[in-house]
Amino acid sequence: MDTPKSNKLDIIIPAFRGHSQSFLMVLDGISEEDATKRIEGRTNHIIWMVGNFLDMRYALGFVLGLQEEFEFKDLFFQGKALDESLNYPSLQNLKDSFHKISPLVYQRLLEASDEELDKAFPMGMNIDFFPETVLNFVGMCIGREDYLSGQIGLMRRILGYEGMKYDFDKDLKY
């Protein structure tokens, strides 16, 4: 395992890599057509969930100093609600964005110093037990990725796909 500069990220590094693996495994075999299906008009579709996962990755990169812009930001920024009147990107386009941003964010996580992680990062939450720092934002992003992967996994089963397989790719280094 890669060792981060900051010990504060010792649990984040394996979580980030695990999420990268889960993201790809939970999407394995999902068709483009099924990725746009909603259940009884009440759920978000998988494309929306994947876009929000990527919005988290790009936000994480931003807070760590990357200047990469998510090309589909207007559709997904900060959990923007699903709008069926909009044209969403394909699942393949989103997977391509995932492979573009993920290694960059991973490298920045490895390089982040304690000082960078301790910097204030106002989120407007105003919760006394939750200091608004870069480190806590990183944790929030990781938590959101967990949530979205779980939603995609549930949609996978509802749409008739087998459960996610845990075939980890040892060559995926992010």
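**Exercise 1. Work out how many helices and strands the protein has, and how compact the fold is.**

Start with the elements: there are six helices and zero strands, where helices (H or I, at least four residues) and strands (E, at least two) are DSSP runs numbered from the N terminus. Read from the N terminus, the order is α-α-α-α-α-α. Next, size: the radius of gyration is 16 Å, close to the 16 Å that the globule rule gives for 174 residues, so the protein is as compact as a globular protein of that length. That radius is taken over C-alpha atoms, and the rule is 2.2 Å times the number of residues to the power 0.38.

A word on the source: this is a predicted model, where local features need pLDDT of at least 70 and side-chain atom pairs count only at pLDDT 80 or more, while totals for chains, interfaces and linings use all residues. Residues are numbered from 1 along each chain as its sequence is written, and side-chain values use heavy atoms, with hydrogens and water left out.

**Exercise 2. Find what share of the residues is buried.**

Buried residues (under 20% relative accessible area, 1.4 Å probe, protein chains only) make up 43% of the 174. Now try the contacts, meaning heavy atoms within 4.5 Å: among those between residues at least 6 apart in sequence, 71% join residues at least 24 apart.

**Exercise 3. Describe how H1 packs against H6.**

First, the geometry: the axes of H1 (residues 12-27) and H6 (residues 134-158) come within 10 Å and cross at roughly 20°. Axes here are lines fitted to C-alpha atoms over the stretch in contact, with angles from 0 to 180 degrees between N-to-C directions. The two helices are therefore roughly parallel, the label for angles under 35 degrees. Then the hand: the crossing is left-handed, so the near helix is turned anticlockwise from the far one by less than a right angle. Last, the residues: Phe16 and His19 are among those of H1 that meet H6, whose side includes Ile142 and Asp146. The contact divides into nine nonpolar, three polar and three charged residues. Ala, Val, Leu, Ile, Met, Phe, Trp, Tyr, Cys and Pro count as nonpolar, Asp, Glu, Lys and Arg as charged, and the others, Gly among them, as polar.

**Exercise 4. Do likewise for H2 and H4.**

The axes of H2 (residues 46-63) and H4 (residues 91-111) come within 10 Å, crossing at roughly 20°. That makes H2 roughly parallel to H4, and their crossing is left-handed. Phe53 and Arg57 are among the H2 residues in the contact, and H4 brings residues including Phe98 and Lys100. By class, you get eleven nonpolar, four polar and two charged residues.

Note on methods. Angles under 35 degrees count as roughly parallel, over 145 as roughly antiparallel, 65 to 115 as roughly perpendicular and the rest as oblique. Buried means under 20% relative accessible area, exposed over 50%, partly exposed in between (1.4 Å probe, protein chains only).
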